[in-house]
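Q: I would like to learn how to read the local features of a model like this one. Can we go through it step by step?

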Amino acid sequence: MRIDILTILPKLLEGPFNDSILKRAQTKELVEVHIHNIRDYAANKQKSVDDYAFGGGAGMVMQIQPIADCIEKLKGERGYDEILYMTPDGVRFNQKEANQLSMKKNIMILCGHYKGVDERLREQYITKEISIGDYVLSGGELAAAVVSDAIIRLIPGVLNDETSALTDSFQDDLLAPPVYTRPADFNGMKVPDVLLSGNLKEIEKWRYEKALERTKNRRPDLLDSEEI
Ligand code: ADE
C-alpha cells in the first residue's frame with residue numbers, strides 16, 4: 001500500500017510515522033508513506049497557499065492552484081483508489097472504514113487548515129471526506145495520522161501475533177475485555193481467578209461476558225447499530 005499525504009505542515013507528520021509500528025511497517029516495505037508540502041506547488045512568488053474568502057468573513061481559505069497541481073502530478077504517476085479530505089464536516093471515521101481502506105492500494109490524504117479548502121477541490125478531486133470526531137482540530141494533519149495508523153496496523157504482516165488486530169475493540173462489535181499481567185497479586189489487588197485457572201474455555205467465556213458488560217455500560221449504541 002502507498003499513502004500520499006498533502007499538507008502545509010510536513011514536520012507535524014514526521015513524528016507519528018517515524019516510530020513504533022508505523023515505522024516498522026515502512027521498514028518491512030508493507031507500506032510507503034510520502035508527505036508532500038503543498039507550499040512547494042504554489043505558483044506565486046510569496047509561496048502563499050491561502051487567501052481571503054470570497055464574500056467576506058473571518059478566516060482564510062486554502063487556494064485551489066497549489067493543491068490541484070500537487071494532486072494532478074500524483075495522479076499522473078499512478079491511479080488512486082481514494083482521495084480523502086480530513087475535515088470536521090466529513091463522515092465520522094470508524095473501524096469498518098479503516099478495514100475497507102486497509103485493502104486499497106493507493107490512497108491520497110489532503111489535510112485542511114484555516115477555514116478549509118476551496119470547495120471546487122472537494123467537488124473535483126475528493127472521493128471521501130472524513131472526520132475523526134465531533135471536535136475541531138487546528139488542522140487535518142493529526143487526523144490524517146490517526147486514520148493512517150488505523151489503516152496501516154491492519155495490513156497483513158504489520159502486527160505480529162501478540163498485537164494481532166483480530167482481538168481489538170470494535171472488530172467484533174464489542175469493546176475489548178479487561179487485561180492483566182504479572183504480578184497476580186499487587187498489594188492485595190488480585191487478578192480474577194479464572195485467568196489463572198488454565199481453563200481456556202472458561203477464560204474465553206469470561207472474556208466474552210466482560211466485553212459484553214463493558215460494551216453495554218459504555219457503548220450501548222454499538223450493540224444495536226449496523227455501523228460496525
Ligand atoms: N480537521 C479539523 N478537525 C478535524 C476533525 N475533527 N476530523 C478530521 N479533520 C479535521
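**Reading the loops, strands and ligand shell**

A: Start with K47, which is found in the loop between β2 and β3 (50–52). Helices (H or I, at least four residues) and strands (E, at least two) are DSSP runs, numbered from the N terminus. This is a predicted model, in which local features need pLDDT of at least 70 and side-chain atom pairs count only at pLDDT 80 or more, while totals for chains, interfaces and linings use all residues. Residues are numbered from 1 along each chain as its sequence is written, and side-chain values use heavy atoms, with hydrogens and water left out.

Q: What is the phi of K47 near?

A: Phi of K47 is near 60°, a positive value in a residue other than glycine. E29 also has a phi near 60°, again positive in a residue other than glycine. E29 lies in the loop between α2 (20–27) and β2 (32–37).

Q: Where is the cis peptide bond?

A: A cis peptide bond joins R182 and P183, with omega at about 5°. P183 is in the loop between α6 (141–152) and β8 (185–186).

Q: Which strands pair with β5?

A: Two strands pair if DSSP finds at least two bridges between them. Strand β5 (residues 82–92) pairs with strand β6 (residues 106–111) in the parallel sense over five bridges, and I83 stands opposite M108 in β6. β5 also pairs in the parallel sense with strand β7 (residues 128–131), over five bridges. There, R92 has S131 of β7 as its bridge partner.

Q: What do β5, helix α4 and β6 make?

A: A crossover is right-handed if, with the strands pointing away from the viewer, the path from the first strand over the helix to the second runs clockwise. β5, helix α4 (residues 95–101) and β6 make a right-handed β-α-β unit. N94 has its place in the loop between β5 and α4. N94 counts as buried because its relative accessibility is 19%.

Q: Which backbone atom lies 2.9 Å from a polar atom of the side chain of N94?

A: A polar contact is a pair of N or O atoms within 3.5 Å; within protein, one must be able to donate a hydrogen and the other to accept it, and residues adjacent in sequence count only if both atoms are side-chain atoms. For N94, the atom is the backbone nitrogen of E97.

Q: How many residues surround the ligand?

A: A residue is near a molecule if one of its heavy atoms lies within 4 Å of it. Here 13 residues surround the ligand, and the closest are T87, I132, G133, Y135 and L137. The largest share of this shell, three residues, comes from β5.

Q: Which polar backbone atoms lie by a nitrogen atom of the ligand?

A: A backbone N or O atom of I132 lies 3.0 Å from a ligand nitrogen. For a polar backbone atom of G133 the distance to a ligand nitrogen is 3.1 Å, and for one of Y135 it is 2.8 Å.

Technical notes:
Buried means under 20% relative accessible area, exposed over 50%, partly exposed in between (1.4 Å probe, protein chains only).
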